[in-house]
Structures are given as C-alpha cells and as structure tokens.
Amino acid sequence: MNSTFSLETSFQVFENFGHSLRTAGYHILPTNTEQIATAFQLAKKSGLTVTLRGAGRSYNDASLNGGGIVLDLTAMNHILEWDPATGVAKAEPGVTLEQLWHQVLPDGWWPPVVSGTMYTTLGGCLGANIHGKNNFKMGTIGEHVLEFSALLPTGAEITCSPKKNADLFYAFISGLGMLGVFTSITLQMKHVYSGLLEVHAWPVSDLSAQLRDLQEGAPAYDYIVGWLDATAHGKGLGRGQIHAAKYLSEGDDPNFEKTLKVKYQTLPSTFFGVVPKNILYIFMKPFFNNLGTWAINTAKYVASLRKGVHRQSHAAFHFLLDYVPNWELSYGRRGLIQYQSFLPKETAQEAWTEMLTLSHKRGLPSYLGVTKRHRPDDFLLSHALDGFSLALDFKVTDSNRAKLSQLLQEFDQIVLAAGGRFYFAKNSETSPETALRFLGVETIERFKKLKGRTDPNNLLESDLYRRVFEM
Amino acid sequence: MPDTNIPAATPLQPRRRGIIVGASSGIGAALARRLSKEGYSLALVARRSDLLNRVCVEINSEYHEVRVIPIVHDVTEYESVPELLRKIVAELGGLDLVVYNAGVNFPPGIDQYDFTKDRAMLEVNLMGAMAWLNPVAAMFQSAENGQIVGISSVAGDRGRIGNPGYNTSKAALSTYLEALRNRLTRHGVNVLTVKPGFVETEMLKAAQRVLFAIPPERAADDIWKAIRRRKQQIYTPWIWRWIMLVIRNIPSIIFRRMSF
C-alpha cells in the first residue's frame, strides 16, 4: 500500500474454495505489520470492515468480505526462525504448510497437525484451528502453538501463549480472524525418523464397521481416516475403507536421509508418467454426476477389498487433495460445497444413517464422504468433541440448489438433536440459530466480549461472521 | 444508511447485487421489481423519499425479506457520490450491476430558449451519470466483473426542434456510454445502452406527441432480457430500432424542414 493507493482500483472478485461463492471487495496486500495498521486506519476512515485472507482454501465465506476490505496476508510469508535442535519454528501468518514442511522435514521434523491440502497458510490454519487425521491423538493445530504475536485493529500489539493472555490465546485460535491479525506464530514440530509412514488399509462393509474400526483402531496408530462410499444404499450404507498410518521408529528406515528430502516427497507432476496433472480435472468432469460417482465409488470399494500395508511419504499420505490440481473444478460451473458434522461417538451411527438415507431418498447423494476420529479441545469456538466427523461433498447446480438447501437444513436438525457440532471452515449454510445451539449463548457472548476488547470499533468482519454471528 | 439487513448470500442462495439510480417511479421502479424477482439485492437511489420508500416496502413485503434498500440522494450532489457508493457496496456485500436511470425532461416550448431548464437536464441526465458511473467503471475495471446499464433515449439519436437540451443530454449520455463500453469490454465488463421510445411514465406528460407507448413493466422486461444476454444496445419497444434507423438517415436538407 503506497500513497497512490485507491480503493476503487483495488476492487477485486474473490471466491471460496469450491468456486460456489463470488463476492468483490477491496484487495490490500500488506508486507509488514505497519501496513496492516495502515489498512485498519483506512478502514476506519472509510467506514469499511476488514476480513483476513490467506490461501482462500476455506469452503465457505470465512475469507470473503463483500464490499469491504480483504486483507491478503500471503505476502507476509517468511519463516522467521527455525531451530532444528528443538523443532521450534517461528513464522509469519502467510507461510503455507508447504513452505513449513519443506523447511523442517530435511531436519527430521514434521508439522504436528496438517490439513488435507498443503496450500493453507498458518494464519488461516490457526483462525479455523484446523485438525488432521491425527485429531484423536494430537488435537488441533492450536495445541502446538507455543506463542503468537498479533496486531489488534486498535493498533496495539499483543503476545499470547497458553500462560500469557490465555483467554485471548484460546479465542484467537479458532476465532476466524475476528479478534486481530497474527503477525508471528511459534509452533512446535513433531520429530520424525523417516520421510515415510507405514500405511495400513482395509475395507469396512458398513457404517457400524466404519465407526467401530475408527474408534478401536485409532489407539494403535498415529493417523486414521475413513473413506465413505456415500452412494451405497441398504446393507452397504456407510461402507468404505480405512487408512491408518504410523510413524516409523528410529532405525525402521535405513534410507531416512534420502526419504526426508523434499524431492523424495514431492507429488508426481504427471499421471501414468504422461498425463499432466493440472489438466486431469477436465477428464474427471464427465463423471461428476450421480451415475458417474456411483460407478467410481463402487469401483473404489471393490478395489479396497484387498487389504494391504505399504509405506508412503508424508506428503502423499496427507495431501491427497493436492494430487489433482484444481480437482474442485470437476464439479462444474456452480462448484461444490462441503457439509461436515461432528457427532459424539454414542449418537454418530444413528444420526448418519438417517442423514445418508435421507440424501438418497432426495436423489442428492454426496459424491465423497470422509470420516475421522476426534477428541475435544479447549479452544473457544471449537468444533471438536469425543466422537467422529463425517465430511460430505455435494455438487451445486442451478436446479438442485433449493432441494440441497432443504436437505442441509434437515441435516442440521439431526446433528443438533444428536448433540453434534460444526466446523466453520467447511459448512457454508450454517444459520445463526444452528451456531447458537451448538456453541451455546454463553460461548458466543464470551467471544463477543473478547472481540469488544480487541476490536472495539468492529472493524474485523467477514461474510461468515455477518452470516453466523450477527443476529 | 438505513438500518436494514440484506440476507447473506450462500452457495445455495446466491445473490447478485445491483444499484438502480433513479428508482422511485417509471422504468427505474419497474426494473427494481423485475430484478428483485430475479433474486437481486438492490440499492434503490432516488431523490423523492416518499415514493422511494413506498416502492421498497412493496417489494420487501412481497418477498418477506429485504431485497431492496432505499437510498435518498440527489444525483446533482456529485461530490457525495464516491463515499455514498462505497457505503452502498458495503451494505449490499458487493456489486455486479449498476443502472443509471435518473432523467428529467423540461421542454422549453417551441421557439423558446431556456438555459436554466437546459442546464437542469444536463446536470441530471449527463453529469449525474458521469458522477456515478466513473467510480463504478473504475471498480468494475479493477474487478474485471460487472455490468453497467445506462437508460438513454431515442431522443439522443437526432437533434430536433422541440427540445435541444434534452436531445443533447441523451446524445451525450449515449456517447459517454459508448466510450465506457470501448474502455471496459476488454476488462470483461459489459455496458448496455437502453434507448426507450415512449414509455407510460411521468415523463411522458412532457412529450409533444406519443407513438407506440408501452407500460414501464414492458420496458423493464426488455432491459432484463438485455442484461441477461449482455447486450450492448437495445431499443424498447423494438420497433424504435427500425424507426430510428430511418430517422437517423434522413438527410439534413429534409430534416431541418420537418416540424418533428
């Protein structure tokens, strides 16, 4: 931002990940803390609100601010300190998980919690308080933050840790960027002895087996995740495949020096050695309808019947979504949405049976289902609980919108009745009433009170915040 | 800024956002009704607050939600436009479409010359359009997105004996819109010039004679169709395209002898 900056000529269209939302706002790209402070002053002077945006990987409107300022933090992308002896990294908020693991893996470390894509930024990861396939064991990313600094919209700078400004620490992380801007984040990495994981895969014949294996299998592994064939009916409802992985112990990998190298981890750029991956989504498009995805899911399930153990690189195991660049474009012009629900282990099976059956009855099967095992955490706007999550992807079309909206509202009621929760980086249709019911009025009031302290002029607002928290 | 909340847009309930300048009656009000039926969230800008509020209440109560918000503003207050525009865009949550429909017609009477009237017409019909559409064009060009609609008139196609000021204002508006189009098309922004013939509005009272008059709702339908198809210019009703083709080609030697 320089002296010739004009709001009109910074107007830009932003989309969610999934390309199902488009709104325009004023784009500001700060490179340091002073420029963030200047942006807040400009916002105040112009009567505009500010939303923080990283990689824009949220499935909903978390980083959108229609008609307001979008503060793009991707240029603040420096790893400030890295200590290979202790595994502690200090980084700016725009640093991506990709940058981070590239830095730390060759020294024998791995980020303790990663998302399904490595293109997310640390600021975004903390704002949403992401979890990975090890949530049952390692919790959310916030549990591995030793300290962070933040700039408040008032211009004040604060430092928070689980001990210092603890109330703000537990609210900033999970706080959706509504309290202030992370300016540096100090994170403890996890020590690894190899660039490989030992991955076990086995089929599960129905939802009951799926949830049983997630729960009973989890303690023996470091990571566990289920694929759920959401197109399967009747007896096979909830069938799928479990992938569970363990870190290798010291000495298990004689070639650890080689496998820890970034080059060894890198995902291939072509499929079968010939098809460039960045055009693959075009060939996937014709299959992204009810019949095509039924065929794919069925074939995948049949293929999964062969159990197996194999070694796989960290990147290949974790960043499945990055295998096919732009895969989300396969969902067509109107994009996709994801519906993720978190349910206590006692009620999950019954509730998801009801939801999957309902989606089939309405002719709106999800094209992809993913299950995970979770445990609760101490963050204010937490989505986690002792139970499971199921993420369902749905294609959006002009003709299914009204029906899908109705279906998801019914899902919300089922989830709430079963004591479930939601994740703000995923669901795009959560209503204020639903948020109030799963978070509780006390939590929302506490959050707003803290916001009143850090952001007294309410400069920080996103489309998500207005949609869910402004009643 | 009125204390009203436009419902949030979600992937399953998308909303396009627009501004209609000059929306308290006539074509503007009819277009507001048409676009809100298509799911647009709109800011309706007009000088006359009573009429404007009536239109807003009518539309919002029909859909049981806030689809339009009233903005009282006089288009000749040029300096206040950029700030007002920013406030409106924030309130709407973005911007996809701007319609400039504000227009006045003060015929001076045959053989009369009236600078006050001429200036008033130029100020509303042309200068107001430039005050609004310049910042809009800058924003749309930057976003590489959006559509601008200017309601000009068949009256801008020739200078005639009855109302030189009005002809001039509409001719200039058409030229201005053409220039915007030539600037913005390369940036993915569409500019539509609408040239209505006679439409049954208050302005029709100023007309000396009336031919093929249509209700404003029909003009609004034509304009909506053109917006959807991202057309560059339309006449409404369509017959004026052919009438004006003839009129535009009448040689001056004949045209200056006509009492038309």
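On helix H1 of chain A, the face turned away from the buried side carries three exposed residues: Glu34(A), Gln41(A) and Lys45(A). Keep in mind that this is a predicted model.

**Helix H1 of chain A**

- H1(A) runs over residues 33-46, which makes 14 residues.
- From first C-alpha to last, H1(A) reaches 20 Å, close to the 20 Å expected at 1.5 Å a residue.

- Four residues of H1(A) are buried: Ile36(A), Ala39(A), Phe40(A) and Ala43(A).
- They sit on the same side of H1(A) because they cover an arc of only 100° around the axis.
- The general rule behind this kind of spacing is that an α-helix has 3.6 residues a turn, so residues three or four places apart point the same way.

**Where chain B touches chain A**

- On the chain B side, 21 residues are in contact with 28 residues of chain A.
- Helices H3 (81-92) and H4 (115-143) of chain B each supply at least two residues of that side.
- H3(B) gives the largest share of the side of chain B that touches chain A, with six residues.
- By type, the residues on this side of chain B split into twelve nonpolar, six polar and three charged.

Definitions and conventions. Residues numbered from 1 in each chain as written. Chains lettered and ligands numbered in written order. Predicted model: local features only at pLDDT ≥ 70, side-chain atom pairs only at ≥ 80, totals over all residues. Expected span 1.5 Å × (residues − 1). Buried ≥ 20, exposed ≤ 12 C-beta atoms within 10 Å, placed from the backbone. Arc of directions from axis to C-beta. Contact = placed C-beta atoms within 7 Å. Nonpolar A, V, L, I, M, F, W, Y, C, P; charged D, E, K, R; others polar.
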